[in-house]
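Here is a short briefing for a reader meeting this structure for the first time. Start with the view below, then work through the topics.

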Amino acid sequence: MKKIFKALKFTSFLLFIILAIVACDQDFNSIESDVVGLKNFNTGSYPIPITSYNKKLDSLRINNLSANLLGVYNDPVYGQTKASIITQITPTEFDSSFGDNPVIDSVILTIPYYNKTIADSTDVDGNAVYSISDSLFGSAPIKLSIFQNNYFLRDFNPNTELEAIQNYYSHASDAVNSNDNFAITETSTINFDDHKGSLIYEDNAFIPSSDAIVLKKVSKDGTETTERVAPALRTHLDTAFWTAAIIDKEGSDELRNANNFYNYFRGLYFKTEAINGDGNMLLFNINGTGSNITIYYSYDSSVDSAEKLQDTYVLNFNGNKLNPFINNYNLVSLENGDKTNGDEKLYLKGAEGSMAVVDIFSGNVDCDGVEETALECFKKEYRAVDENGDYIIKNGDFVLKKLINEAQLVIYEDETMNKPSEDYHKYDRIYAYDAKNNIPLIDYNFDPSTNTADAYNSKFIHLGQRITDENGISKFKIRITQHLNNILIKDSTNTKLGLVLSTNVNYVSTSSILNSQDMVTGVPASSIITPRGTTLYGSNVNVPENKRMSLEIFFTESNQN
């Protein structure tokens, strides 16, 4: 299987090279550059001055993410993060009749874990074997409690003229309260522990399992059948609570429609707590079709009073949901960095943590004996000029005298950071994005190596993967060739990149920052749903040159005048 994957990966890379050559040819023919058509070329490399610095993150949008973290995670570099979930539940049908003398037989909560089957692996009965290793962090037990939530989650923001969605933002600082879960809006701070209702479930030693769940069913004639479902949090809930909450409300306005129900039953609060300071954290597929609460009940037959009929009432998690965090970063002090000189170390931490900003044309440089901004000197180096020294523009684009073959942001990982094992950060990815517009870089769209089934092996040409040499030094190469071409040809002004840690580079949605005080107004949402962190070397002059972050450009130019 590995050989097949390597072959496919090589094929994807070869396809990319072919597409890149074609794309470059099309780019330069379309702008009629003087480079095209000439026989003799020089090649070379050109370093770009960059400044990279830290940005501490807070007040991140945490509602309606594509997935949700739940649990307790101790990062060896940063400290502890606890993640809980606040969610509405929604009946799949309204104004239902439960029949005569309904009695609940059982109530089952099911929320699948993100998982994948292990290729070419089966158990002793020939069934597929599952793995949750990509979505599970840590292995110690946690305390998991599920309460009824009594705080009303609004759909719309009443403080806006138009009916804008109500967003909720993180408030994870342990200086507030190290035990309660908070969120903030534009006008308020919410402590969800102040709005706890009845405790409906508790597990004092919850550890997720990668084992498939085997369900046994017995028909009326005594025939037994089994069904296997993927690993999930699957548990019985108290029948008396749901009898009072649902069955006894038959015919009431509370079960008439979704709005009435949300106001009556405002949701559930999944609260996590560490045990002896340790725990585990899991990525839940709570948005999936398999996530629900199913009420199994019986009622009297209208034909035979001695016969009981059976039915179900299902509630899913399609309403609003939040993922609040509690952080205790007691190992590293996260601060905003030095925008002028750059930082020696860059701290990339998921959840509500930290990111890095890279200014790829920072400050002034000596440009042929004249002091110029780095950006203007870059343009002079690559753009063609006419006899008057003015840039040549054709068809709305700037004509180039040099072709950028490759541009790479080279980033070294701090080999001195605390790691429990050599492969501890093996599957982490660095995600680079346009920090001004909160969108992926254009190179992301040019990268054909998309893999929807395996995010780690997706977009590996643009975003790269960790490369470790024989000395144990790890680095990343982020390809930004098209991004620089956009600056040269289209006169784009997007010179600041954001760097975050991500375990799913396929998830490109943005989470906004409430009341941001600088250029960074949002982060990729994929960085919020990973608890992991890593440390990189920055661009500060005190960093050894062989580990300092750099931007390298490889180009081709004509040697004919």
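In what order do the five strands of the open sheet that holds β10 and β24 stand? The order is β10-β20-β3-β4-β24, and the pairing is antiparallel. This is a predicted model, in which local features need pLDDT of at least 70 and side-chain atom pairs count only at pLDDT 80 or more, while totals for chains, interfaces and linings use all residues. Residues are numbered from 1 along each chain as its sequence is written, and side-chain values use heavy atoms, with hydrogens and water left out. Helices (H or I, at least four residues) and strands (E, at least two) are DSSP runs, numbered from the N terminus.

**Two open sheets**

- Strands of a sheet pair through backbone hydrogen bonds, either parallel or antiparallel.
- Here, two strands pair if DSSP finds at least two bridges between them.
- In the sheet β10-β20-β3-β4-β24, the edge strands are β10 (136-137) and β24 (325-328), and each pairs on one side only.
- Strands β3 (residues 68-75) and β4 (residues 79-83) run antiparallel and are joined by five bridges.
- Val72 has Lys82 in β4 as its bridge partner.
- Another open sheet has five strands in the order β15-β11-β19-β5-β23, again with antiparallel pairing.
- Its edges are β15 (196-206) and β23 (321-322); each has a single partner strand, so one side of each is left without a neighbour in the sheet.
- Two bridges pair β5 (residues 85-87) with β23 in the antiparallel sense.
- Ile86 stands opposite Leu322 in β23.

**The disulfide**

- A disulfide is a covalent bond between the sulfur atoms of two cysteines.
- The rule used here asks for a pair of cysteine sulfur atoms within 2.5 Å, and the count comes to one disulfide.
- Cys367 and Cys377 form this disulfide, with their sulfur atoms 2.3 Å apart.
- Cys367 lies in strand β27 (residues 364-367) and Cys377 in helix α4 (residues 374-382), so the pair ties together parts that are 10 residues apart in sequence.
- The link of Cys367 and Cys377 is right-handed, with 90 degrees about the S-S bond.
- Both Cys367 and Cys377 are buried. Buried means under 20% relative accessible area, exposed over 50%, and partly exposed in between (1.4 Å probe, protein chains only).

**Helices α4 and α6**

- How do α4 and α6 pack, and at what angle? The angle is about 85 degrees, with their axes 10 Å apart.
- Axes are lines fitted to C-alpha atoms, for helices over the stretch in contact, and angles run from 0 to 180 degrees between N-to-C directions.
- The two helices, α4 and α6, are therefore roughly perpendicular to each other; that label covers 65 to 115 degrees, while under 35 is roughly parallel, over 145 roughly antiparallel and the rest oblique.
- Leu375, Phe378, Lys379 and Tyr382 in α4 meet Leu484, Ile487 and Leu488 in α6. Contact means heavy atoms within 4.5 Å.
- Eight of the nine residues of α6 are buried, so this helix is largely enclosed by the rest of the structure.
- Among the buried residues of α6 are Thr481, His483 and Ile489.
- Asp491 follows α6, and its phi is positive, near 65 degrees.

**Salt bridges**

- Side chains of opposite charge can pair when their charged atoms come close.
- A salt bridge is a side-chain nitrogen of Lys or Arg within 4 Å of a carboxyl oxygen of Asp or Glu, and the count comes to 21 salt bridges.
- Lys379 forms a salt bridge with Asp491, the closest N and O atoms being 3.2 Å apart.
- Lys379 lies in helix α4 and Asp491 in the loop between α6 (481-489) and β36 (496-502), so the pair ties together parts that are 112 residues apart in sequence.
- Lys379 is buried, at 11% relative accessible area, whereas Asp491 is partly exposed, at 33%.
- Arg256 forms a salt bridge with Asp95, the closest N and O atoms being 2.9 Å apart.
- Arg256 and Asp95 are 161 residues apart, so to speak of the chain, this pair links distant parts of it.- Arg256 is partly exposed, at 34% relative accessibility, and Asp95 is partly exposed, at 43%.
- Asp95, Asp253 and Arg256 are linked in a network of salt bridges.
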